[in-house]
Amino acid sequence: MTGRERSSERWDEAEFRGVFLQHYSRIVAILIRLLGDRSRAEEMANDAFWRLYRQPALQVDGNIGGWLYRTATNLGIDALRASGRRRQYEEAAGGSRDEGKINSPLEDLLREEKCHRVRAVLSSIKPVQAQLLILRSSGLSYKELADALNVKMNSIGTMLNRAEEEFRNRYLATHPNEEEL
Amino acid sequence: MTCIHDGNLRLYLDGGLAGAELAEVTEHLASCADCLARLEKVRAARAQTEAVLATLAPAADDVAINPTMAYAQFTSQFAADREPKTWINRLLPPRWRPVWGLAAVALIVAVLVSVNPVGVWAQRVLAMLRVQKIRVVTIDPTTLMSSSEPNSRPYRLFNQFVADNVVVTMDPGKPEVVSSLTTAAQLAGYPVRMIGSLGAPHSIDVNGETAFQMTINRDRATTLLDEIGRSDIHIPESADGALIAVHIPKTVISMYGDCPIRQRHVSHNSQSQAEVLAERKMERMANIKDTNCTYLIQAPSPTVSVPPDLNMSDIAEAALELAGMTPAEARSLCQTVDWSSTLVVPIPRNSSSSETVTVDGVEGTLITETLSQGNRYSLLWIKNGVIHSLAGHGNSSDALNLAASLR
């Protein structure tokens, strides 16, 4: 018992609104990092909140933030993996991508290309590792990471080291000429 | 002590250690070259990965995320099957909409109900607005706001904006449905009239007294205008923070003939989506077929209180542009309308026309709307401080004949 007299049958509207306002900006920012597309990120954030809305029992759980970050990044990484597969098919079929970006200045183009590579690597490592990396680089604290991944706080250090090592290895393996690494 | 494993070195670097643990690690690092070297390796590895991942950070010039606006979109997108709880839905039942013009501009219209200082205290504190005149303006129905379906995004954003900013200080509750004019008059507190040539009304709704207030938040209003693609509309800076209070006395709606059954506000928990949709479809069909239905609405003028220094004309200009007037039209109209006493009713330009008529011994406005299933009229006039509206299907002579039999 949490001692709070709240129904697990349905969300209290005001409470749900509070949760939404508290977490929405950050969730969207994380998903923009993952997907590189604001409107897709917003759609997916809405999807995550809709899932939350349909699980009113979480109201009494006390770890709504953690649940949201976990769910949103799971959705984002799933989409990333799916689009990675799609891109492979397109490239194999000789299709080009992002034709609309051709007119961007060179710097933007290079940055865009690097983002594609980072995302490709993120989608190739274990989802939970990708989740940890994206959440950490979005500025979540150890406590928040522990809540989102359902692990103890003092294991985060080891997990981060391993996830980063895995990420670096893959990144270097696919892009051996990268100067920054 | 034994050497520190990389995980704890990482915790140490990220500030994840405290108290005795932190002291222990700090002490050990001071004396262990091996751990210090590994600490530097962990630090370097962290920096490298962080730098690469930082590529994904959104560009600084990205538009800020607005969670309040996002929540409005969320509720409209995902909660479409729930009854919208905005005051506007309660205030303006569907049948009112043809009378008041666009429900979306209804609030602003209410605000525009001009300033007529009543009494000394009012002049000192607030300006009071009362409707004494009605003026019809034609608007371009193809603009965003006015062509909006009630379920469209701009419309919902607008409704949500209103819902977020409006505080209902007097809840009208559910309308009371009565069958006799006497009972209606007792409830309303003023005489209820009837259309003599149609006999007794089929049903009478008495809507409770309503009061609400809103504080103009210029930033949020501007954001809303951006969101619906009308960033060209300018909200005067002087309006920011102005408190506008609206009081609407009891209104009486008498229905004659086969009028659509009023939408019951039942709990949607007990209804399936299909049932709700079926019900809505029925309602829509009823609205198309209700050519035999006539409404007589009596509404004592709402009172609108605004700060005395609020420039109504500037806000009116913005509202009229939102409703679909060109900036030039809005400006010229605002220069000729006395905002202290005029209710402005916007009507769509291409399908509606209006004329000035004599009705009930006073000057009235007859709006005719051409629809595929025949004409519809709304006859508006103000008598003894009560706004009257007679609405039904037919042409202007039908309206005037019915009005002539009023008693």
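**Exercise 1. State how many helices and strands chain A has, and in what order its elements run.**

Solution. Chain A has seven helices and zero strands, where helices (H or I, at least four residues) and strands (E, at least two) are DSSP runs numbered from the N terminus. Read from the N terminus on, the order of the elements is therefore written α-α-α-α-α-α-α. This is a predicted model, in which local features need pLDDT of at least 70, side-chain atom pairs count only at pLDDT 80 or more, and totals for chains, interfaces and linings use all residues. Residues are numbered from 1 along each chain as its sequence is written, and chains are lettered from A and ligands numbered from 1 in the order in which they are written.

**Exercise 2. Find which helix of chain A has the lowest mean pLDDT and which the highest.**

Solution. Among the elements of chain A, the lowest mean, 81, belongs to helix α3 (residues 64–92), and the highest, 94, to helix α5 (residues 127–137). Then turn to residues 94–102 of chain A, over which pLDDT stays under 50 and for which the model has five contacts beyond four places in sequence; two residues are in contact if their C-beta atoms, placed from the backbone, lie within 7 Å.

**Exercise 3. Describe the side of chain A that touches chain B.**

Solution. Count first: 33 residues of chain A are in contact with 29 residues of chain B. The elements of chain A that give two or more residues to this side are α1 (13–35), α2 (38–53), α4 (106–124), α5 and α7 (156–174). Sorted by class, the side holds 18 nonpolar, seven polar and eight charged residues, with Ala, Val, Leu, Ile, Met, Phe, Trp, Tyr, Cys and Pro counting as nonpolar, Asp, Glu, Lys and Arg as charged, and the others, Gly among them, as polar.

**Exercise 4. Work out how α7(A) is oriented to α3(B).**

Solution. The axes of α7(A) and helix α3 (residues 33–53) of chain B come within 10 Å and cross at roughly 60°. Angles under 35 degrees count as roughly parallel, over 145 as roughly antiparallel, 65 to 115 as roughly perpendicular and the rest as oblique, and α7(A) and α3(B) are therefore oblique to each other. Among the residues of α7(A) at this contact are F167(A) and Y171(A), while those of α3(B) include V42(B) and V52(B). By class, the residues of the contact of α7(A) with α3(B) are five nonpolar, three polar and three charged.

How values were computed. pLDDT is the predictor's confidence in each residue, from 0 to 100. Axes are lines fitted to C-alpha atoms, for helices over the stretch in contact, and angles run from 0 to 180 degrees between N-to-C directions.
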